[in-house]
Amino acid sequence: MEKKGILTVVSGFSGAGKGTLMKELLARYPETYALSISATTRNPREGEVDGREYFFKTREEFEKMIAKDELIEYAKYVENYYGTPRDYVETKLDEGKDVILEIEIQGALKVKEAFPDTLLLFVTPPTAGELKNRLIGRGTETMDVIESRMRRACEEAEGMDRYDYLVINDDLEECVERMHEIIRGEHDRSFRNKEFMKSIKEDLERLKGED
Ligand code: 5GP
């Protein structure tokens, strides 16, 4: 039976290690997952490549994408726009891939509203102190940006309980496997197997009358 993939949203505080987690998950299970690449108006960080980490857009280009309904969702985060291109997500889900969106909470809730079957995962470091250390250690942000990201983390923490699962990123290896298990298990939820249930019920009815 042809099965559509599961749309999974991964959110978490900036600096929680989501990026590394996603890369590792994709590297281990390239046939299972597809990672959506977002569009953004923020400037590339050192080492980031257009079309790999993000599609880097001007504000005008981004606003055009919004007007043409080319984004599933978009949000403003620390003065920049971020959004999920529609085409890629729909194509990959149809191909049966589990598509992962690594997006912040406003976007996550919008996706859930538009596609109620979306699985929401929230990644958090084990402690708040650890988060601040990771942001400073990254060395790519100014102190101002770090502070605004910590403030934003406080706001985002308010929405954690709207996610289906919390994933504590203590150890990368374990965290990747846990995430994979959660998504795999999700395929067995009854509401995701309506076709199967329908056909087995029909077969049972048929076989019942055959004795
Ligand atoms: P960063 O600038 O650190 O790459 O990302 C900042 C935040 O924007 C992160 O929380 C990231 O998950 C989120 N983000 C990345 N892409 C998207 C997107 O397409 N839509 C939304 N709503 N948030 C996104």
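This is a predicted model: local features need pLDDT of at least 70, side-chain atom pairs count only at pLDDT 80 or more; totals for chains, interfaces and linings use all residues.
Residues are numbered from 1 along each chain as its sequence is written, and side-chain values use heavy atoms, with hydrogens and water left out.

**Asp98**
- Asp98 sits in strand 7, residues 98-102 (strands are DSSP E runs of at least two residues, helices H or I runs of at least four, numbered from the N terminus).
- Asp98 is buried (under 20% relative accessible area, 1.4 Å probe, protein chains only).
- Asp98 has no salt bridge (a Lys or Arg side-chain nitrogen within 4 Å of an Asp or Glu carboxyl oxygen); Arg192, the nearest side chain of opposite charge, is 7.9 Å away.

**Cores**
- The largest nonpolar core has 37 residues, and Leu101 and Met179 have the most contacts inside it (a core is a set of buried Ala, Val, Leu, Ile, Met, Phe, Trp, Tyr and Cys residues joined through side-chain atoms within 4.5 Å).
- Elements giving two or more residues to this core include strand 7, helix 4 (105-114) and helix 7 (172-186).
- Apart from that core lies another, of five residues, among them Ala39, Met65, Leu71 and Tyr81.

**Ligand**
- The ligand is surrounded by 16 residues, the closest being Ser38, Arg42, Tyr54, Tyr82 and Glu104 (a heavy atom within 4 Å).
- A ligand oxygen is 2.7 Å from a side-chain N or O atom of Ser38.
- A ligand nitrogen is 2.7 Å from a side-chain N or O atom of Glu73.
- A ligand oxygen is 3.2 Å from a polar backbone atom of Glu102.

Key: Buried means under 20% relative accessible area, exposed over 50%, partly exposed in between (1.4 Å probe, protein chains only). Lys and Arg count as positive and Asp and Glu as negative; His and the chain ends are not counted. A polar contact is a pair of N or O atoms within 3.5 Å; within protein, one must be able to donate a hydrogen and the other to accept it, and residues adjacent in sequence count only if both atoms are side-chain atoms.
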